[in-house]
Amino acid sequence: MYKKKKLEVRYIVILILVGITLVLGGLFYAFHENRTLTIIEKAVHDTGLFIEKIIYTPIQWGKDLITSWQEKKEMYEKYEVMREHYEEYNALEAKYKEIHKELEEMEQMLELNVSLSEGTYVNATAITRNVDYWYQTLSLDRGQKHDVGKGFAVVNARGLIGYIDSVSNYYSTVKLLTAEDVQHKISIKIEVGDSFVFGLLTLYDADKNVFQIEGISENTGIPKGSLVTTTGLGNVFPSGLVIGTVDSIYTDHFELAKTVYVKPAVDFNDINYVTILKREGAL
């Protein structure tokens with residue numbers, strides 16, 4: 001019995017010595033540069049790398065996500081800055097265009113004023129316009145205190161707009177040529193070569209943006225684009241105020257009367273600066 005236990009102790013000691021020898025041998029070979037890995041070492045090495053990959057991959061994904069989020073955040077911030085600059089540029093461009101347009105209108109009004117005698121006109125600015133009566137009336141910042149009277153013709157650099165319909169001390173209201181309730185027909189003349197064809201402006205067609213001229217009985221041909229101006233007859237408007245140009249002509253079945261449609265020279269949707277023409281004996 002004693003001998004058997006003694007043999008078991010010897011086996012255990014031998015196994016321990018063998019294990020130590022293998023470990024020392026493994027360490028020796030581990031530091032040897034030209035050594036070929038054993039099957040066990042290869043398995044351990046590959047297993048370690050696989051575990052490292054499993055652990056590192058989610059970490060790398062997390063880093064990539066954070067980097068991508070930061071890059072997108074920086075791109076969005078740059079985009080916001082660029083968008084703000086773009087909006088500021090658009091606002092400045094719109095403001096520049098508006099100022100440039102106003103300057104052009106003022107220059108045109110100055111040219112018109114040069115052609116008029118001093119004291120025969122008053123410059124004014126459009127201040128209010130009722131949307132419901134857009135083509136009916138227009139309010140100006142000049143009135144009786146500025147020598148503005150009822151019936152005075154109102155023009156801009158393009159042509160005739162209408163006439164003063166009512167006046168207060170500091171303001172006045174213009175009855176536009178496009179109004180439905182213009183109280184009188186306007187005598188006009190159409191320039192055809194060296195002569196004129198006469199007629200009456202009767203109404204405005206807002207859908208087609210044309211004035212209707214009636215009362216023309218002459219058989220004279222009227223070319224498209226012919227200039228249409230006031231005659232000065234009837235003590236309503238001075239002679240020579242531009243109405244527009246001939247757009248089209250309609251002749252009745254008997255070819256006895258013509259209806260002429262005139263394209264307005266004035267853009268009645270865009271009126272800012274005007275000139276009021278003083279005239280004795282106006283409406």
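Which residue in E5 does Gly-162 stand opposite? Gly-162 stands opposite Leu-176.

Colleagues, a note on the basis of this talk. This is a predicted model, in which local features need pLDDT of at least 70, side-chain atom pairs count only at pLDDT 80 or more, and totals for chains, interfaces and linings use all residues. Residues are numbered from 1 along each chain as its sequence is written, and side-chain values use heavy atoms, with hydrogens and water left out.

I turn to the barrel. Six strands form a closed barrel in the order E1-E2-E5-E4-E3-E12, paired antiparallel. From one strand to the next, the twist averages 45°, an angle between N-to-C directions of axes fitted to C-alpha atoms, on a scale from 0 to 180 degrees. Strands here are DSSP runs of E, at least two residues, numbered from the N terminus; two of them pair if DSSP finds at least two bridges between them.

Strand E4, residues 160-167, is joined to E5, residues 172-176, by five bridges. E5 also pairs with E2 in the antiparallel sense, over four bridges, and there Thr-137 stands opposite Lys-175. Two bridges join E2 to E1, residues 121-128, with Leu-140 as the bridge partner of Ala-126.

Within E2, Leu-138 and Leu-140 point to one face and are buried, that is, under 20% relative accessible area with a 1.4 Å probe, protein chains only.

Technical notes:
Buried < 20%, exposed > 50% of the residue type's maximum accessible area, 1.4 Å probe, protein only.
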